[in-house]
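Morning, everyone. Please look at the model on the screen, and keep the sequence beside you.

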Amino acid sequence: MTAWRRDFHAHLEAGFEEHRTSALVAERLAAWGIEVHRGIGGTGVVGVLRSGRGNLAVGLRADTDALEMPEANDFPYRSTIPGKMHGCGHDGHTTMLLGAARYLAETKNFDGIVHFIFQPAEEGQGGAQAMVADGLFERFPCDSVYGLHNQPGMAVGHYGIRAGAMMAGCGFFDLDIHGRGGHGARPESTVNPVVCGAAVVSAFQSIVARNVAPNDTAVVSVTGFTAGTAYNVIPERVSLRGTVRAFRTGTMQLVEERMRALATSIASGFGATAELAFREVTVPVVNGAAQTALIADAAAAMVGEAHVDRQRIPAMGSEDFSYMLAERPGAYILVGNGTGEAGGCEVHNPRYDLNDAAIPYGAGILAAVVEKELPRG
């Protein structure tokens, strides 16, 4: 499995470009006697494995895409594609699901159907939605569905999960502010969108503090501000962008409404205009109570109850597996990637690398939840 993972790491592909990855996944599944379906939601792959006479079906999902970011590591299996890297561990998630598939194909210690779901384009490009829209659960009915993610800073052999909201929903926004350009020496003849934009950035920071209930949670982050090209020219327009996170859809809608109202009114006060584009990237990850208990019990049986955190603090990060959980009951569990140099580097960092020691624990929990959910008589 380490060899598979490192090969995926070196020969990576971004969202909806995972042709080589999907081909290797399909080739391995077929070699193990698993029925293979390709091209689901673009470059997605689904493997189907049956054992016994049961009709209950479990879906197991892994993401396959890499990030559009440069890699700073210098080990032999570093990215061979400039400007792209597996900076979130999807190479490891794909490998974990392959490991579980091979084990379950060899042992068939379950009674029912397993759907191995290899999803493209998780990193903000809507891969889960594409698979669902392409009839994923109509073509491959699942009574429950499970996913996982590696967790830097959590010891290898440990798991974290909670029932209910596990990860936040995410929205991206773009804001264009239009003023009137002119000479930097004559501001009175202009409407400076830079000054207006700065006021909007400050006002956005008040939304969570003043409009979101204290017992609720949200984050508004302005992550980009583009304006001007010359020292002595006041530009016509500035562009802002950023992200919003919340655990409730209603809270996300409230934040969007306040952003739109503030941007419009502040721009008007400066004599400018503002146009806000807001798009949903993911809905919150909400774990089912029964499925959370089941996979946590399976984890405890593997590593001991002391190594399973059943009340993991919800994360403000997002994950589009949420769209599959919105369609079918299930759960999403965190798998320890290690601490310190062995696996503590955070994801989306140019020096991140999945800890190969975590792979058996990811593959193991995926196999174990199938055996627990679909026990043989």
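Which residue in E13 is the bridge partner of Asp-176? The partner is Glu-275.

Before we go on, some ground rules. This is a predicted model: local features need pLDDT of at least 70, side-chain atom pairs count only at pLDDT 80 or more, and totals for chains, interfaces and linings use all residues. Residues are numbered from 1 along each chain as its sequence is written, and side-chain values use heavy atoms, with hydrogens and water left out.

Now some terms. Helices (H or I, at least four residues) and strands (E, at least two) are DSSP runs, numbered from the N terminus. Two strands pair if DSSP finds at least two bridges between them.

Four strands form an open sheet in the order E10-E12-E8-E13, and the pairing is antiparallel. At the edges are E10 (218–227) and E13 (273–282), and each pairs on one side only. On average, neighbouring strands here are turned by 15 degrees against each other, direction ignored. E8 and E13 pair over nine bridges, in the antiparallel sense.

Two helices pack on this sheet. For these, contact means heavy atoms within 4.5 Å. Axes are lines fitted to C-alpha atoms, for helices over the stretch in contact, and angles run from 0 to 180 degrees between N-to-C directions. Helix H6 (residues 193–204) touches E8, E10 and E12 (237–246). The direction of H6 makes about 170 degrees with that of E10. Helix H8 (residues 249–270) touches E8, E10, E12 and E13. The direction of H8 makes about 165 degrees with that of E13.

Next, the other sheet. Eight strands form an open sheet, ordered E1-E2-E4-E3-E5-E16-E6-E15, with mixed pairing. E1 (35–40) and E15 (308–309) stand at the edges with a single partner strand each, so one side of each has no neighbour in the sheet. E1 pairs with E2 (residues 44–51) in the antiparallel sense, over five bridges. Glu-35 has Val-48 of E2 as its bridge partner.

Helices lie on this sheet as well. H3 (residues 90–107) lies across E2, E3 (57–63), E4 (112–119) and E5 (144–152). H3 runs at about 150 degrees to E3. H9 (residues 289–303) also packs on the sheet, touching E5, E6 (159–160), E15 and E16 (330–338). The direction of H9 makes about 35 degrees with that of E16.

Let's stay with H9. The expected span of a helix is 1.5 Å times one less than its number of residues. H9 has 15 residues and reaches 21 Å from its first C-alpha to its last, close to the 21 Å expected. Buried means under 20% relative accessible area, exposed over 50%, and partly exposed in between (1.4 Å probe, protein chains only). Among the buried residues of H9 are Leu-294, Ile-295 and Val-303. The buried residues of H9 pack against E5, E6, E14 (285–287), E15, E16 and H11. Just after H9 comes Gly-304, with a positive phi of about 100 degrees.

What about H1 (residues 2–10)? The buried residues of H1 include Trp-4, Phe-8 and His-9. The buried residues of H1 pack against H2 (19–31), H3 and H11 (359–373). H11 has buried residues too, among them Ile-359, Leu-366 and Val-370.

Finally, some loop residues. Most residues other than glycine have a negative phi. Phe-16, in the loop between H1 and H2, has a positive phi, near 65 degrees. At 31% relative accessibility, Phe-16 is partly exposed. His-348 sits in the loop between E16 and H11. The phi of His-348 is positive, about 65 degrees, although His-348 is not a glycine. With a relative accessible area of 41%, His-348 counts as partly exposed. Glu-341 lies in the loop between E16 and H11. Is Glu-341 buried or exposed? Glu-341 is exposed, because its relative accessibility is 87%. From Glu-341 to Met-167 there are 174 residues in sequence and 26 Å in space, C-alpha to C-alpha.
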